[in-house]
Amino acid sequence: MKDKVNNGEQAGPRKAGSQDDFLSLQEIVGMILRHRRAIAVIVILVTAAAAAYFTLAPRQFKAEGFLRVIPPVTSIDEKVDQAAFETIIISHLQAIQAAFIAGETAQQLGAMPAWAGKPAIYPVDLQKKIKVIRPPKSYLITVEGACAKPDMALALVKVWIDTYLATIRKNNINIALCHVRALMKKSQSDLVENQAKVDHLVSRTGQIKSLVDLSRGIKDTELWRELSANTPPDKLNNLSKIHISDQEQSEDYLELKKALYEVDKDFAAAKAGTEFFRKVAEYLEQKTSPAAKQPSGAPPDPDAIDFAETLVNTTDIIQIGQPALKNTSGSAARNTLMVFFASLGAAALVAFLREWVKTIEM
């Protein structure tokens, strides 16, 4: 009788709160398979609906463009500063997805013939169509755009990248202008300092004569011995009073002139540098505000223009090639397969939870 009771306890339902609450894999699978027909029906219906949706839905064409970030190199050992490199990449990733890029892109796309007669383009909608990716451990930034037409997808990616690069170049003008003004400030400080040195040295040289008068007596012993052999004493005394007058360059004056020459070179260099940076600043100011009038005076200096353009065009990110269409074949089958596994997993989970609740209620 006792054995029968034990066998009945083993065959009966599992009570909640017992030490055997943990289910084995075999028990879990058995609980799920009790609803295998319902699971199969649900999975087939959901997969069929997904296949129909992905097949009949308007096809989305994708285009992609690539940007390369140039790593900073130290001037000592020409090694890449990894910390600064990561900071630059993250900065570009954040900036290229900014709302102002989407706004300027929307304005340019709205003016293109391909978008003529279509609803207005809003920056928020463009941000949803653009995807910015950085492949792991790389210096590349990928910009992907999706549209219903291939030419629209290409235009979206191209205009987006061009807008970002143009924005960088525009910001470089202001950065270069600040840099040039700092150089001009230093050059003006050197000019004032050298001007003070020049004025001081010119004043000192004006106080010192360039030539020094000299008067020397004749001290040639052999000459006096020959003269005194046949010369009366009174005549010899007159000869001893003979002096030679002469002039020679002052050493102090020469030292001052050398110092003045060196300072004058520095003064000329500072003056030329100040004038050069002034022309560069005027050119950059003209680029920041094209409506402003050209400064009066001499025509623009070609060297100043070349220097300014070099500063403006210096960048740490460049475009690799031109945007191109991306192969999207098989996306409907891939998405349908993903829906199949997702629905299968969800249905199995619901079946298991239903059976598990029954064991708790018992």
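**Reading helix packing and ring pairs**

Ring pairs link Phe276, Phe277 and Phe307 into a cluster.

Me: What is this model, and how are residues numbered?
Reply: This is a predicted model, where local features need pLDDT of at least 70, side-chain atom pairs count only at pLDDT 80 or more, and totals for chains, interfaces and linings use all residues. Residues are numbered from 1 along each chain as its sequence is written, and side-chain values use heavy atoms, leaving out hydrogens and water.

Me: How many aromatic pairs does a search of the whole structure find?
Reply: Rings of Phe, Tyr and Trp (its six-membered ring) pair if their centres lie within 6.5 Å; planes under 30 degrees apart are stacked, over 60 edge-to-face, the rest tilted. The search finds four such pairs. One of them joins phenylalanine 276 and phenylalanine 277. Their centres are 5.7 Å apart, with 65° between the planes, and the pair is edge-to-face. Phenylalanine 340 and phenylalanine 341 have ring centres 5.2 Å apart and planes at 70°, so this pair is edge-to-face.

Me: At what angle do H10 and H11 pack?
Reply: Helices (H or I, at least four residues) and strands (E, at least two) are DSSP runs, numbered from the N terminus. Axes are lines fitted to C-alpha atoms, for helices over the stretch in contact; angles run from 0 to 180 degrees between N-to-C directions. H10 (residues 251-288) and H11 (residues 302-313) pack at about 60°, with axes 9 Å apart. That makes H10 oblique to H11. Angles under 35 degrees are roughly parallel, over 145 roughly antiparallel, 65 to 115 roughly perpendicular, and the rest oblique.

Me: Which residues meet there?
Reply: Contact means heavy atoms within 4.5 Å. From H10 come residues including Phe276, Phe277 and Tyr283. From H11 come residues including Ile305, Phe307 and Val312.
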